[in-house]
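Hi,

Here is the structure I promised to pass on. Have a look first, and my notes follow below.

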Amino acid sequence: MISFVIALLALVAGYFIYGKIVERVFAPDKRPTPATLMADGVDYMVLPNWKVYMIQFLNIAGTGPVFGAIMGAWYGPASYVWIVLGSIFAGAVHDYLSGMLSMRFNGAGLPKLIGMFLGNGMKQVMLVFSVFLLLMVGAVFVYSPALLLKDFCFDTLTWVLLIFLYYIFATMLPIDKLIGKLYPLFAFALIFMALALLVVLFVKMPPIPELWSNLPACNLNEPTSLLGTDSFVTRNPIFPCMFITIACGAISGFHATQSPLMARCLKSEGMGRPIFYGAMITEGVVALIWASVSSYFFYCGGWREVVDANMVQAFLSQAGTENGKTLIQYFSAPTVVQQVCTGWLGLLGGLLAVLGVVAAPITSGDTALRSARLIIAESFHIGQQKLSKRFLIAIPMFVMVIALLVWQMENPDGFNALWQWFGWANQTLSVFTLWALTVYLARHHKPFVITLLPALLMTVVCSSYLLFRLNAFNLGFTFYIALGCGLTGIVCLFFINWYRKFNHNNCKK
């Protein structure tokens with residue numbers, strides 16, 4: 001628990017110390033915001049600050065800080081380090097600056113912002129890339145909550161239909177009519193889940209693996225841990241796979257598509273740090289809690305408290321244990337959520353906790369489709385005050401999401417495949433956002449190192465991961481990392497060359 005407490009305190013300190021530094025770099029002022037200058041009663045309107053925070057937190061959360069942290073826990077305590085450092089120095093910086101930049105440019109969406117700083121060609125690429133990512137989010141975040149709810153009242157298909165129907169209304173109606181009213185209730189469930197598990201952690205004080213301790217070896221006959229790390233990490237090395245697996249709890253490009261939604265609803269730039277930076281730190285806390293709970297569950301016998309050991313043994317004897325793969329399948333992220341919440345919090349508390357986990361993806365899926373509608377509308381200059389024009393854009397989107405849903409439901413490995421590529425696309429979007437933010441800071445003679453370093457890291461991660469997953473050239477893993485570093489070096493040289501020319505032209509002026 002020592003590592004967990006240190007990590008928790010570090011996240012809180014990061015908000016007050018580094019968050020303040022980042023705020024001073026951007027320098028918010030008292031200029032009018034898009035919510036007041038461009039109010040349209042649909043997407044641009046002033047909302048109370050507490051409500052904006054709730055919506056922002058729920059928009060960005062999804063199942064990422066829960067499912068991602070659970071899957072990331074297979075890497076052991078290294079997950080704590082990435083969650084803390086990623087949240088403070090990468091994710092929160094990324095979210096804050098993209099949100100504030102959107103406010104400065106009339107609530108501009110991400111593709112427009114990227115076009116302003118990386119060129120029109122990149123804007124067109126990001127338009128297609130970001131819209132497709134948002135549609136994937138809509139599909140993934142319909143199916144994942146349906147899987148969690150399948151034992152409550154309806155089957156999976158019925159829940160999929162009900163959730164998708166809600167998405168249609170949330171995408172089309174003015175933001176204060178449905179999202180503004182339901183999100184406080186959803187936020188209560190999600191916050192209850194996190195706080196309840198946090199309290200149980202401190203009451204139980206379980207033997208969570210520490211940063212300086214070795215994970216126990218796997219013994220399937222009498223397991224203390226469910227799976228040793230050797231086989232899993234061999235197939236999915238910490239670098240770069242953990243940085244893709246734990247996305248929303250550390251840094252996520254998806255957040256930059258969501259921040260403009262709330263940039264259109266804030267009355268003051270001064271609220272940017274608690275809304276954008278603060279929501280990301282809160283998400284980091286949720287991810288840290290689930291990574292810690294899952295570490296105890298997987299490696300220190302915690303599963304014995306909530307799972308029937310005979311069921312595990314029966315499953316293993318039936319399915320075999322090749323490379324531990326069957327154990328990962330048996331203890332999938334949704335299964336861990338259900339078992340931990342009901343086992344630790346009882347029937348009622350477990351139900352509320354599961355609903356909190358369910359609220360996260362639902363409240364990201366609806367705003368993902370809303371963001372896609374607005375990005376397309378902005379690109380084609382289609383006003384959104386009339387319902388008919390909203391439907392003009394939304395109907396093709398809904399058809400594409402349905403196609404993705406049908407594919408993943410009919411394909412036995414469809415959800416896992418879609419999640420894997422969603423994770424890569426998600427982090428790749430953060431790469432382009434971070435480079436755009438770096439150019440903005442450089443143009444305004446601000447210390448751009450705060451975005452340059454995470455941009456370099458995520459460029460290596462995403463390029464290496466893509467080569468590794470595609471098994472390009474059939475070469476070893478070390479080669480893929482080296483090639484990823486080389487590609488990052490080339491991108492960095494392009495930036496240095498641009499920066500020199502930019503300074504030279506400014507000196508002439």
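Predicted model: local features only at pLDDT ≥ 70, side-chain atom pairs only at ≥ 80, totals over all residues.

Residues are numbered from 1 along each chain as its sequence is written, and side-chain values use heavy atoms, leaving out hydrogens and water.

Helix 6 itself covers residues 78-104 and bends by about 55° at Ser87 (the angle between axes fitted to the seven residues ending there and the seven starting there). Of its 27 residues, 23 are buried, so helix 6 is largely enclosed by the rest of the structure (buried is under 20% relative accessible area, exposed over 50%, partly exposed in between, with a 1.4 Å probe and protein chains only).

On to the rings: there are 23 aromatic pairs (Phe, Tyr or Trp ring centres within 6.5 Å, using the six-membered ring of Trp; planes under 30 degrees apart are stacked, over 60 edge-to-face, the rest tilted). Tyr53 and Phe57 are stacked, at 6.4 Å centre to centre and 15° between planes. They sit 4 residues apart in helix 4, about one helical turn. Tyr53 is partly exposed at 22%, whereas Phe57 is buried at 2%.

Confidence (pLDDT, from 0 to 100) averages 82 over the protein chain. Helix 17 has the lowest mean among the elements, 51.

Cheers

Terms used. pLDDT = per-residue confidence, 0-100. Helix = DSSP H or I, 4+ residues; strand = E, 2+ residues; numbered from the N terminus. Expected span 1.5 Å × (residues − 1).
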